[in-house]
Amino acid sequence: MTLDLPVIFMALMGLAVLLYVVLDGYDLGVGMLLPAANEREQNVMVSSIGPFWDANETWLVLGVGLLLVAFPAANAIVLGALYLPVVAMLIGLMLRGVAFEFRVKAQGWHRELWNWLFWFGSFLATLSQGLMLGYYITGFASGFGYFLFALVVGASLCGGYVLLGATWLIIRTEGELQRKAVSWARWGLLWIALGVALVSIATPLVSETVRLKWFDFPRTLWLMILPLASAAAWLWVWTLTGRMKRGQAAPEWGPFAGTVAIYVLSFLGLAYSLFPYLVIDRITIWQAAAHPAALKVMLIGTLIVLPFIVAYTVLSYWIFRGKAPENLYD
Amino acid sequence: MEAAEALQLARAQFGLNIAFHILFPSITIALAWYLVYFRVQYARTGRPEWLHTYKLWTKIFALTFAMGVVTGITMSFQFGTNWPGFMSKVGNIAGPLLAYEVLTAFFLEATFLGVMLFGMNRVPNWAHIGSAVLVAAGTSLSAFWILALNSWMQTPAGHIVADGQIIAGDWMEVIFNPSFPYRFTHMMLASALTATFLISGLSAWRLLKAPGDGGATRTLRSAVLIGAVLAPLQAFVGDLHGLNTLEHQPAKLAAMEAIWQTEKGVPLLLFAIPNQEARRNDYAISIPKGASLILKHDADAEVTGLDKFGPDIPPVAPVFFAFRAMVGVGLCMLALAWFGVWATRGNTAAPRWLLWAYAGFTFSGWVAVICGWLVTEIGRQPWLVSGILRTSDAAGPASGAQLGASLTGYILTYSLMLIAYMVVLTHLAGKGESRDDPRANLVGLAKK
């Protein structure tokens, strides 16, 4: 039996990107919410993501690493076209990453500065990722209209990450901060609805390939499961946060789980639209793939190591379960 | 002209990034093992100074590690944005090596760093020590993969051409290519020295601020001793590495010594200004037959000069000067380390002027590492992968304007980060309460 290596690596890369978006999404979201909280709350918020952010970002390195090593031809096109948003994202991630350590050690106005840079870095990184997504799904088309579209996708992704961050805080915090997180989550929900709707409408309009894939009866009926399930998850999170707002009982993990479901479903929809293209209508995964010999070597390593990575990631979340303390460095 | 300018900007940008990045791993690779040692000592003795030392250096480690991570992420993108030709030509070799680094090292370090930093009261003692060991193992493993790739780019081996592409024929030969064992050992020792001088430097700084501090006295003493052992070892390994370069990369070696003509009984240059256009040295001061003696262990031996390589030679002056700067800094570190051992023999407290000397040498490892890196990377030019891929053929489509804008952004961000880093380090080392000298405590209180 022969393995279709490019398809396997496409799936692995997709998994890495999806995990990155969900995992770093919540910690970037928490970063963007910092200015809305008081000093004590800010410390709790940062300590709720402190043990995890570093490993979360490693999924980005794996995702872009797989694009680089498994699909070198696409890597050059994608990163070449996204040059400036990529640089902006990297600068954002740098500022945010070092601010974790600097804000704890600084005092007075220095501390204020690093808090501000923490927020700014989180925001810049998220906005750039949204811009990248916006340009990517329109096949890097240029023009003011496309720029506006990318900008709206960027703003929506900020809302989407705020939603992840807020629902994460619902699990990890209590009292007044948790109540604040509930209302932040409801803001985020409105934005993510806008973003997902925009992308869903735009992709078939821009690309005939996508249009034909989605509007082909009777397949369309099956495919409607994706948007319907997303809508159900959205309603569920809206209902749960509504109950929390009124002080009624609701599972704390519910809103986060529902949000992750929205991300997974949207991701599947996008993946279905694009497959087998890496750059829509231009380059497929088979055209861009590296030599099978290299792919095989990487696949073996991935299959051996990935279970360990998953195992110790789960272990780390288990060790740091429960409500976040105000100060992580005891 | 436009393209040539963009290439220079692409090189400048990547060079800036990689040079800025390496500052931090060159500390963390070895500091991670120091942390294991501090942590085990605390577990073994239960003495609070060890805990204090461990916690202080954990904070410094966390900060340094974060700097390394965020600048490393930048590099993973720049391979694609700045050097697309690199991946399309040798991606089947470089790709798997980079992928193995991410898979086996990055996740391990990043995940267990969280446990090591914040999990002391959440996991049993053995698991906490285990986390520290895994973080250290991860950083060393990361160095292993990245140096395997870098060494392969310097001295490629084990590859074959199949279906018009370069792929690995024998992975063991690719990884353990001719320069790898030397380069890897040289880098690990460089990291050990960088971390050791950072520790002795900041401990000395601490003792200048709070004389008699128990933890700082102890760490300074260990670091002085370790530095005195490592510095000569590094000189020895460096010499072996140089001989390996002579064998496998003669053009680089000729540039390091500014030897333009192949001849017998080559003099060792103490000072000169290499003149690339005229292909000769100006204002040379030299020891007759010195280079032949050092390189071939025979005063009359012939040494290959740059004339044998036609137009394919690296820019000589930067390689020549960077090599001398690296050796110079290394010798100063060696002298200070031995003098430090002599001056503190028999458990005498270090005199203040010695403390100032060590404090001044806090970041000396960085200077040597950067100079060594300039030698090895500029010395490989005009090749990106020796004999296989030219640097100019690997550059990307980014325009000069894009590169200029992003370069400015990086410079601003990096300057901010570097200044903040150095300020926080000296602040962390200088402030804080002393644990066991009551006099130092009083000094601390009076300041408040």
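Visitor: How many residues of chain A are in contact with residues of chain B?

Guide: In this predicted model, 51 residues of chain A are in contact with 55 residues of chain B; two residues are in contact if their C-beta atoms, placed from the backbone, lie within 7 Å. Local features need pLDDT of at least 70 and side-chain atom pairs pLDDT 80 or more, while totals for chains, interfaces and linings use all residues. Residues are numbered from 1 along each chain as its sequence is written, with chains lettered from A in the order in which they are written.

Visitor: Which element gives the largest share of the side of chain A that touches chain B?

Guide: H5(A) does, with 15 residues; helices are DSSP runs of H or I, at least four residues, numbered from the N terminus.

Visitor: What makes chain B as compact as a globular protein of its length?

Guide: Its radius of gyration, taken over C-alpha atoms, is set against the globule rule, 2.2 Å times the number of residues to the power 0.38. For 448 residues the rule gives 22 Å and chain B has 24 Å, which is close, so chain B is as compact as a globular protein of that length.

Visitor: Why are residues such as B:Trp373 called buried?

Guide: A residue is called buried because 20 or more other C-beta atoms, placed from the backbone, lie within 10 Å of its own. B:Trp373 is among the buried residues of H13(B), as are B:Val369 and B:Cys371. Buried residues make up 52% of the 448 residues in chain B.

Visitor: What span does helix H13 of chain B reach?

Guide: Helix H13 (residues 364–378) of chain B reaches 21 Å from its first C-alpha to its last, close to the 21 Å expected; the expected span is 1.5 Å times one less than the number of residues.

Terms used:
Helices (H or I, at least four residues) and strands (E, at least two) are DSSP runs, numbered from the N terminus. A residue is buried if 20 or more other C-beta atoms lie within 10 Å of its own, exposed if 12 or fewer, and partly exposed in between; C-beta atoms are placed from the backbone.
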